[in-house]
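Hi,

Here is the structure I promised to pass on. Have a look at it first, then read my notes below with the viewer open beside you.

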Amino acid sequence: MDKKRGIYIHMPFCVQKCNYCAFLSFKADGSPRKEYTDALEKEIKLRAALENEQGSKKIDTVYIGGGTPSVMDISTVSEMIKTLRRSFDIDEDAEFTLEANPATLGRKDGVMLAKLQAYKFMGINRLSMGVQSMDNDRLHFMGRIHTAENVARDMHFIRQKGFENVNLDLIFSVPGETAEDALSDLEKILALSPEHVSCYSLQIEEGTPFGDMAERGELVEVPDEEDRDTYHRICSRLKEAGYEHYEISNFARRSENDTDGRSVYRSRHNSLYWNMDEYIGIGLGASGFVNGVRYKNTSDLDEYFAAINEGRLPVAEEHVNTAFDNISEAVFTGLRRREGVSYEEAVSAYMKAHDAEDIDPQTDNDFRDFFWEVFSEAKPEAEAYAEKGLLIIDDTGLRLTKTGIDISNSIMSLFV
Amino acid sequence: MSYLDNIRNFSIIAHIDHGKSTLADRLIEKTGLVEARDMKEQYLDNMDIERERGITIKLQTTRLKYKANDGQEYILNLIDTPGHVDFNYEVSRSLAACDGAVLVVDATQGVEAQTLGNVYLALDEDLEILPVLNKMDLDSARPDDARAEIEDIIGLDASEAPEISAKTGMGIDEMLEKLVEVIPPPQGDPDGKLKALIFDSYYDSYKGVIIYTRIFDGRVKRGDTIRMMNTGKNYEVTEVGYCIPGTIPADELKAGEVGYICGSIKQIADARVGDTITLASDPATEALRGYKKAQSMVYCGIFPAEGEKYENVKDALEKLQVNDAAFNFEPENSAALGYGYRCGFLGLLHMDVIIERLSREFDLDVITTLPSVVYKVVMKSGEILEIQNPSNLPDPTLIAHIEEPIVKADIMTPNDYVGSIMTLCQNRRGKMIHMEYLTKTRVQLHYEMPLNEVIYDFFDALKSRTRGYASLDYEFLRYQPAKLVKLDILLNREQIDALSTIVPEEEAMAKGRGICEKLKDIIPRHQFEVPIQAAIGQKIIARETVRAYRKDVLAKCYGGDITRKKKLLEKQKAGKKRMRQFGQVTVPQEAFTEVLKLDDGK
């Protein structure tokens, strides 16, 4: 049976851009938001038409990300989702996530309740909140528009409206922040008992206000040692609090409904990315992986509108994955998961590509042998990492150890 | 009237960038037997590296025809010369083949160090010199100043020096008239015993070695058996002819003429520049003077980089040597870098060119080690060793003393920069011999300096301190005893032989510190601390530490943009490929060449 697909829709608008943000987003005020959702609807239809030609598949996750999707007008989002549902066959129990930033759901209690109610009607069943910190000074420093108090209030109403799957994002290693600060943030987040927590170490990127400050020497990055110490303490604390650490930066609360030790609250959508599953990307700068082809939409808003108005997909880059691309991506995305990547899934990804050698592995050993045949050059170095206790290589696959996570890029780069 | 009266054999001499090659091109276009539109491929497109650097490394020779105002048709043999100090010997042999030289002076720059160096070489060969002022199309041209400099500094009468622009073609006709008038016709006896000077040669895969020659006496034709007077080898001539450019066969070459000879000669080394060709059946009694074996001044190790095959490097070096008698190599084994070659060069530029050709023409990935000069090590036993690889320096207790090569360095500069040049030279152990004001604003500084100090980045340092205005000319002077020690570098407590250098004892501490600091910047962080140490014998004299990194992880995959993540990982992997593994420590390849670039001014 074919796997199901996900859909990602990008909303590139924010109230204001944060100081660390290198994502694609524009100031919401004065931006053509309505035109944008209209264009999204057209792109959805174009994609769906293409899908129907190729034999459409059930959609089991939808993720509306940004930007800040919650700044979009409810009326337009609602229309867009209707179009989405008409165009694609979305599972009844699909995971349907909307990213929302604190303090964007409505100032008045009534507005907020109504807005959340509207999201419920649309079928959104998971909210992902960009909390980032629970310290108002740090929030301000990062250029966030909200306060810790906003977060608490938002969560209160979110729960009141019956959202039972909520993710809270936390950023640590902001310049000047100690491990204790981060852990104190985490405690405040845990007090809100989210089903899911994402913890990201701040990356200072070129071209952001933080990047510029760092270049001028006005920003002192948290030393690696401290950052890693913070990270590991966060991981321990979350584990202690009953969360499953299932991906480098992601934690899901355990519950009695878990099967095979996997939390039901794992993000199904993000898991697509780590499982070599397919997803359709829609919107400005969105990426997709459909029928073995990776594509990326244009990041230029004018170009995006122009393409849509001409009735064509706004794809800027397209790459037909080779068998090696597939196995390589399976490894480095799979290694992000704590359970690692099995030889079987990596080799299966390989076999799906158009140019795969005709192989017919049957046993675990067949998968393993073929895997290491492909990566024979990387093997000695991989084994050296294993000896240092950074990587576990066993009969069924590979996975990073906790310390291996810290240098995961070096290990992953062996496999590209 | 003899046929000799209608021949002019000449070279163009100039400082780098003064427009020699452009002038040569213009002359060919004006008078050559090549169609203008074919010219690019035939003449210009010879070596990319030369063109990019604006210098001529390999000689070109061309036969031109010019109908002068007196109604006579003249054969002009333009013998081009390499334009860099590394190739002084080749320049001198090319000049020896001429009867006169056109001295090109950039009218915007005036006389430079190499202008003078080249003029002296030409005077040594008794050449008549015709000065011309080039780049007259530029607004910044100051012909009167340039003329005054030629008269004051060189001592030539420049009052009638043609004003030209090689670029636009302005003044070229006037210059050619002057050339025929000033430069004397060759002399020689076509019926005498054959004496022909080899002034260049190159390897052609069909014809074997093609010798460029000037016939001084006698004549040579196909079927003759020729003898190289210095190497003593005999060859049967398969073809003679003129360089138009390219090779156009002729019946014979006779006294006064310039052309080429082929004789199934397998390697360049058998037709050495400067050697004299005579007939085996009727040899001349004496060779032409001035023959010298090419001597390597600078050495470095060339090793295959990670993943590159030793055999490929060997093949490429052999191919380069076929065409370059001044380049030599022998196998070398380094504990750090494995099997490779120790290569000898005429100088730094020669080295750069060869290394660049390895990557460009042969697509090779190589690691080059620090350049080194040849030291004479006098042992207590009285034995004298020539050491060009620091790793081979014998146990210090067995050494009586070490001698290093000293060069005579002439630096010409606007007087504003004298102070900073003096500081630079002093820092490089230079000894000032003399300083003279050539004009009110131009100064020539004469230094004696260890060659070792010149070969790393002296030229770059000189240029950067003088905004490019200073020019340098240097030549080997003598060997001189010096207090030198071997400075070893240890990474993670392991000695890396390819990073050893020989340095003056009194500077060892500073150099050791400098190298450690530089390596600290070059070596990427590892998962553990990497101590970098500089040592003399067992004694550690400097230490730095590369801090361990603890973090190399991307927290987030950008909204399913796997391709972006993949590109990052691929970049990381590619970066690693340019690294070299030493035990646990990974060192970028550039470490081996960059590490001694410690310009004191920065």
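This is a predicted model: local features need pLDDT of at least 70, side-chain atom pairs count only at pLDDT 80 or more; totals for chains, interfaces and linings use all residues.

Let's begin with a helix in chain A. Helix 2 of chain A covers residues 74-87. Its buried residues pack against helix 1 (33-53) and helix 3 (109-122) of chain A. Which residues of helix 2 of chain A are buried? They are A:Val77, A:Met80, A:Ile81, A:Leu84 and A:Ser87. Looking down the axis of helix 2 of chain A, you'll find the buried residues within an arc of 125°, so they line one face of the helix. The general rule behind this kind of pattern is that an α-helix has 3.6 residues a turn, so residues three or four places apart point the same way.

Helix 2 of chain A has 14 residues, and at 1.5 Å a residue they should span 20 Å; the end C-alpha atoms are 20 Å apart, which agrees.

Next, where the two chains meet. Chain A puts 32 residues into the contact and chain B puts in 20 residues. On the chain B side, eight of the residues that touch chain A are charged, seven are nonpolar and five are polar.

Now for chain B itself. How many helices and strands does chain B have? There are 15 helices and 32 strands. Of the 602 residues in chain B, 47% are buried. If you take the contacts in chain B with a separation of 6 or more, 70% of them are between residues 24 or more positions apart.

One open sheet in chain B has five strands in the order 2-3-1-4-5, with mixed pairing. Which strands are at the edges? Strand 2 (61-67) and strand 5 (128-134) of chain B are, and each pairs on one side only. From one strand to the next, the twist averages 30°. Inside this sheet, strand 1 (residues 7-14) of chain B runs parallel to strand 4 (residues 100-106) of chain B, and five bridges join them. To find the pair in your viewer, look for B:Ala14, whose bridge partner in strand 4 of chain B is B:Val104. Helix 6 (residues 143-154) of chain B packs on the sheet and touches strand 4 and strand 5 of chain B. The direction of helix 6 makes about 160° with that of strand 5 of chain B.

Another open sheet in chain B has four strands in the order 17-18-16-19, and here the pairing is antiparallel. Strand 17 (328-334) and strand 19 (366-368) of chain B each have a single partner strand, so one side of each is left without a neighbour in the sheet. The twist in this sheet averages 30° from one strand to the next. Strand 16 (residues 298-304) of chain B pairs with strand 19 of chain B over three bridges, and B:Pro304 has B:Val366 as its bridge partner there.

Then take a look at strand 6 (residues 195-204) of chain B, which is mostly covered, with seven of its ten residues buried. Strand 6 pairs with strand 7 (residues 208-217) of chain B in the antiparallel sense over nine bridges, and a hairpin of three residues joins the two. Strand 6 also pairs with strand 15 (residues 276-279) of chain B, again antiparallel, over two bridges.

Last stop: strand 20 (residues 375-379) of chain B. It pairs with strand 21 (residues 384-387) of chain B in the antiparallel sense over four bridges, where B:Val377 has B:Leu385 as its bridge partner. The two strands form a hairpin with four residues between them, and B:Gly382 in the turn has a positive phi of about 95°. Strand 20 of chain B also pairs with strand 22 (residues 399-414) of chain B, antiparallel and over four bridges, with B:Met379 opposite B:Ile399.

Cheers

Conventions: Residues are numbered from 1 along each chain as its sequence is written. Chains are lettered from A and ligands numbered from 1 in the order in which they are written. Two residues are in contact if their C-beta atoms, placed from the backbone, lie within 7 Å. Ala, Val, Leu, Ile, Met, Phe, Trp, Tyr, Cys and Pro count as nonpolar, Asp, Glu, Lys and Arg as charged, and the others, Gly among them, as polar. A residue is buried if 20 or more other C-beta atoms lie within 10 Å of its own, exposed if 12 or fewer, and partly exposed in between; C-beta atoms are placed from the backbone. Two strands pair if DSSP finds at least two bridges between them. Axes are lines fitted to C-alpha atoms, for helices over the stretch in contact, and angles run from 0 to 180 degrees between N-to-C directions. The expected span of a helix is 1.5 Å times one less than its number of residues. The arc is that of the directions from the helix axis to the C-beta atoms.
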